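Subject: Structure for you to look at

Hello,

Here is the structure I said I would pass on. Please open it and keep it beside you while you read the notes below.

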Amino acid sequence: MSYHSHADLGGQDVREPILQEPEGEYFHAPWEARVMAMVVAMGPTGMSNIDLNRSVRETLPDYRDLTYYQIWFAALEKLAARHGISSDSPPPPKQVLHAGDVMARIMRGFPASRPATQAARFAVGDRVRTVAVQPDHHTRLPAYARGKTGVIERVHGVHVFPDTNARGLGESPQWLYTVAFEAKELWSDAAGAPRSVVSVDAFEPYLESRD
Amino acid sequence: MSDHEHHHHEEHAKRELSPLELRVRALEALLSEKGYIDPAALDVLIDAYQTKIGPRNGAQVVARAWTNDRFREWLLKDATAAIASMGFAGRQGEHMVAVENTAHLHNMVVCTLCSCYPWSVLGLPPTWYKSAPYRAKAVKDPRGVLKEFGVDLPESTQIRIWDSTAEVRYLVIPLRPAGTENLGEKELANLVTRDSMIGTGLPKTAP
């Protein structure tokens, strides 16, 4: 395994308290606001995509020592360098976000849904088992939900597949499902989770039939 | 150099910039010089997420669901469309799902893998939502998390955690507080807190 995500935190033994924050406190320094805006503004340029962004962020060796905007910035810096932005002739941006277009661009968003080309393999109520093996690349099935049995609760349509999109291998859209697990299926020592159910949104290749 | 950068330079002239601030400034200058970003667009973006797109949007959605059954049903069936009818749409809210708390069920939303959050209705996520303690504990010890937030639910309440691992974004519709029968949509929206729409809090009680 050469790929390691430092961001897969669900269920890990983290003892620090949750530091609450009042509503409306968005930035703690002016640079954080510039970083947020740069990341959003770089979206339409085609330098990266949301999955590649996440992949670069989660593999930063010092991920756990950085604040979230530091993570965003370090990944942006890395992507810009990789893209050759500082060279004499960097690849031209596909599209540049101008001030007058910002609100319209936000309102349109970047839908991840794509037309279905084949029928969904699973339906609401189906029992499924998630794949157990951690792939050697970016993926969106958290470690705590690997090799677990759950039930399909919602079918969301066909969405861009992060596992390929993050690696520049294309969108290869896949059916997306909400899969619900009983807490006792996920944790052997779930002291704080009696009568709780946890779901993940899982792409079809993450699932095997359990019936 | 743009006016914007001038402004920033004057603002910070009194103190030394940290190495990180210098790097951020250098990257913005480079991306701007190479024609990738328009610094004026950054100003508009920052203003939008500080003054226009935040949890007051979601609070209006919740208040409408509390007072209008047809809207509530639409919201539960097709949240993206129902929310768009109120003018809230787009970035990080393209695929919305609304989940409703009941007397027996409490919903809570997390993104254990990064920081996925419904920007169109809640704006930018609070720091704790993106930080390790919440992301680690929410899926395994939801009652402990709720206690940290001062929320103590009956043992009989089922807790439902939604880990946002793809591009679907979740909005919690909290239980309408008792004694609010005479309040209008606007007054009700004032009771809806950001945390109650993530599921780590409850709405304020009737005034």
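This is a predicted model: local features need pLDDT of at least 70, side-chain atom pairs count only at pLDDT 80 or more; totals for chains, interfaces and linings use all residues.

Start with where the two chains meet: 66 residues of chain B are in contact with 69 residues of chain A. On chain B, the elements that each give two or more residues to this side are helix 2 (19–33), helix 3 (39–52), helix 8 (127–130), helix 9 (132–137), helix 10 (142–148) and strand 3 (158–163). Helix 3 of chain B supplies the largest share, nine residues. By type, the residues on the side of chain B that touches chain A are 34 nonpolar, 14 polar and 18 charged.

The chains also pair through strands. Strand 5 of chain A (residues 196–203) runs parallel to strand 3 of chain B, with five bridges between them.

The predictor gives the complex an ipTM of 0.97 and a pTM of 0.95. For chain B, the average pLDDT is 94, and 93% of the residues score at least 70.

Now look at helix 4 of chain B (residues 55–67). Its 13 residues should span 18 Å at 1.5 Å a residue, and the end C-alpha atoms are 19 Å apart, which agrees. Is this helix enclosed or open? Of the 13 residues in helix 4 of chain B, 11 are buried, so the helix is largely enclosed by the rest of the structure. Among the buried ones are B:N57, B:R64 and B:W66. Their cover includes helix 5 (69–77), helix 7 (119–122) and strand 4 (168–173) of chain B.

Regards

How values were computed. Residues are numbered from 1 along each chain as its sequence is written. Chains are lettered from A and ligands numbered from 1 in the order in which they are written. Two residues are in contact if their C-beta atoms, placed from the backbone, lie within 7 Å. Helices (H or I, at least four residues) and strands (E, at least two) are DSSP runs, numbered from the N terminus. Ala, Val, Leu, Ile, Met, Phe, Trp, Tyr, Cys and Pro count as nonpolar, Asp, Glu, Lys and Arg as charged, and the others, Gly among them, as polar. Two strands pair if DSSP finds at least two bridges between them. pLDDT is the predictor's confidence in each residue, from 0 to 100. The expected span of a helix is 1.5 Å times one less than its number of residues. A residue is buried if 20 or more other C-beta atoms lie within 10 Å of its own, exposed if 12 or fewer, and partly exposed in between; C-beta atoms are placed from the backbone.
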